[in-house]
Amino acid sequence: MHDVAIIGAGPAGITAAVYAARKKLRCVVFAKMIGGQAAWSGEVGNYTGYQYISGQDLAKKFEEHMKSFEVELEDNAEVSAVQKKEGIFVLKTGKDEFQAKSVIIATGRKPKLLKIPGEKEFRNRGVTYCATCDGPLFSGRDVAVIGAGNSALDSAIQMSSIASKVYLINRSGLFIGEGIRLEKLKAMKNVEILLNAKTEEIIGSKFVESIRLFYEGEEKVIAVGGVFIEIGSTPNLVLVKYDKDQLEVNEHNEIVVDSYCRTNIPGLFAAGDVTDVPYKQIVVAAGQGAIASLSAFDYITKLRP
Amino acid sequence: MKIKVYSTPACPWCGVLKDFLKEKKVDFEEIDVSKDQEKAKEMVEKSGQMGVPQIEINGKIIVGFDKEGIEKELENA
């Protein structure tokens with residue numbers, strides 16, 4: 001029996017594991033991808049202690065820190081369901097079953113889909129959600145980056161040095177990413193910014209050849225070989241069963257937690273980007289991981305006779 | 001058994017795939033498609049897919065990190 005089972009190994013899950021290990025709790029971490037979304041970030045400039053570090057390097061640091069303790073790691077394991085029965089949590093992965101006194105869900109988020117014709121058909125055939133990964137395959141081509149936040153701006157910055165031309169396409173008239181990134185982009189000669197442009201279709205035969213959008217009152221077709229979709233993310237929820245009670249989520253499908261990272265189910269905690277915490281930041285996720293772990297410790301302590 | 005891994009340096013799943021193979025003590029040839037445009041072309045032509053990682057096991061290509069798919073191919077090889 002584990003004291004705490006942590007689902008997810010991003011900044012929240014790993015920090016929770018470090019805190020649990022230092023409290024000498026028996027802890028298991030289920031990792032689909034160590035580092036989580038942080039590993040996908042190109043450049044991280046706002047994690048305290050590092051003026052600049054790449055997302056991958058930061059993820060490696062997190063991993064090293066966790067592995068310096070005796071933490072049981074279930075690598076490449078995805079938890080399909082969590083059930084609370086008679087005060088004990090049972091977690092199911094593909095093959096195995098685990099038991100724990102408390103659970104921390106720190107599963108993060110996954111990319112949101114644009115949901116337009118052509119997106120599914122051309123996935124991996126010109127449509128991608130990871131400029132860091134697939135960007136180099138588009139060397140010398142014209143590409144479109146769709147989105148308004150930091151990930152969209154980062155992707156456009158990355159692609160400007162690889163692609164021959166980058167169209168940065170934003171449905172609203174406003175970028176929500178950092179001004180410092182936007183300034184960089186505006187100064188780039190091969191980046192064209194299209195505001196208030198609604199992408200309606202991705203067109204091609206074997207691979208992507210163009211996109212159709214509604215821009216300045218008319219339909220427009222732009223020839224591109226790649227489409228980078230960076231329009232935000234949606235939480236990775238885990239199926240939870242507990243009598244008749246459902247795990248409480250908000251209108252964005254985020255797990256509702258209080259300031260102790262407690263969910264509505266006793267003994268079940270959540271941390272990081274999967275929760276309704278207002279700002280999805282690496283440092284915030286790590287902080288919540290610490291809170292969730294300390295709360296789990298308090299919960300277990302009270303269980304003891 | 002001949003195994004090739006097509007990857008890019010900053011791709012998290014490429015790292016996961018390579019670590020997985022190393023852990024299984026499987027030898028593989030690593031191809032960085034960000035540095036070698038010819039090999040990048042070869043990869044896209046072979047698989048019809050523009051995404052990394054891709055692994056080729058005895059001529060069969062698997063796109064992405066499909067742990068079970070790769071394990072199965074390794075057993076058959």
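Tutor: Accessible areas here come from the Shrake-Rupley method with a 1.4 Å probe. On that basis the accessible surface of chain A comes to about 14,700 Å², and 49% of it belongs to carbon and sulfur atoms. The model is a predicted one, and every value below is computed from it.

A compact globule with 305 residues would have a radius of gyration near 19 Å, and the 21 Å of chain A agrees with that. Of the 305 residues in chain A, 52% are buried. Among contacts in chain A with a separation of 6 or more, 60% are between residues 24 or more positions apart.

Now to the rings themselves. A pair of aromatic rings is described by the distance of the centres and the angle of the planes. Over all chains, the structure holds 8 aromatic pairs. One of them is formed by A:Phe30 and A:Phe98, with 4.9 Å centre to centre and 85° between the planes. Planes over 60 degrees apart count as edge-to-face, so the pair of A:Phe30 and A:Phe98 is edge-to-face. This pair links distant parts of the chain: A:Phe30 is in strand β2 (residues 27–31) of chain A and A:Phe98 is in strand β8 (residues 97–105), 68 residues apart. Both A:Phe30 and A:Phe98 are buried.

A:Tyr47 and A:Tyr50 also form an aromatic pair, this one tilted, with 6.4 Å centre to centre and 35° between the planes. A:Tyr47 has a relative accessible area of 15% and is therefore buried. A:Tyr50, at 29% relative accessibility, counts as partly exposed.

A further ring of chain A has a charge over it. The charged end of A:Lys23 sits over the ring of A:Phe297, 4.5 Å from the ring centre.

One aromatic cluster has members from both chains: A:Trp40, B:Trp13, B:Phe20 and B:Phe65. That leads to the interface. The size of an interface is often given as the accessible area lost when the parts come together. Chain A and chain B bury about 1,900 Å² between them, and 62% of this is on carbon and sulfur atoms. A:Asn76, A:Asn124 and A:Leu137 supply 30% of the area that chain A buries against chain B, more than any other three residues. In terms of contacts, 20 residues of chain A meet 23 residues of chain B.

Chain B, which carries B:Trp13, B:Phe20 and B:Phe65 of the cluster, has 3 helices and 4 strands. From the N terminus on, its elements run β-α-β-α-β-β-α. The radius of gyration of chain B is 11 Å, close to the 11 Å that the globule rule gives for 77 residues, so chain B is as compact as a globular protein of that length. The C-alpha trace of chain B spans about 30 × 25 × 20 Å along its principal axes. Of its 77 residues, 47% count as buried. In chain B, 58% of the contacts between residues at least 6 apart in sequence join residues at least 24 apart. The accessible surface of chain B comes to about 4,000 Å², of which 45% belongs to carbon and sulfur atoms.

A few backbone details complete the account. Most residues other than glycine have a negative phi, and most peptide bonds are trans. In chain B, the peptide bond from B:Val52 to B:Pro53 is cis, with omega near 0°. B:Pro53 is placed in the loop between α2 (37–47) and β3 (54–57) of chain B. B:Lys25 is not a glycine, yet it has a positive phi of about 55°. B:Lys25 is in the loop between α1 (12–23) and β2 (29–32) of chain B, and at 75% relative accessibility it counts as exposed. In chain A, A:Asn253 has a positive phi of about 70°, although it is not a glycine either. A:Asn253 lies in the loop between β19 (239–242) and β20 (268–270) of chain A. With a relative accessible area of 40%, A:Asn253 is partly exposed.

Methods:
Residues numbered from 1 in each chain as written. Chains lettered and ligands numbered in written order. Predicted model: local features only at pLDDT ≥ 70, side-chain atom pairs only at ≥ 80, totals over all residues. Heavy atoms only, no water. Phe/Tyr/Trp six-rings, centres within 6.5 Å; stacked < 30°, edge-to-face > 60°. Helix = DSSP H or I, 4+ residues; strand = E, 2+ residues; numbered from the N terminus. Buried < 20%, exposed > 50% of the residue type's maximum accessible area, 1.4 Å probe, protein only. Lys NZ or Arg CZ within 6 Å of the ring centre and 35° of its normal. Rg over C-alpha atoms; globule rule 2.2 N^0.38 Å. Contact = heavy atoms within 4.5 Å. Buried area = accessible area lost by both parts, 1.4 Å probe.
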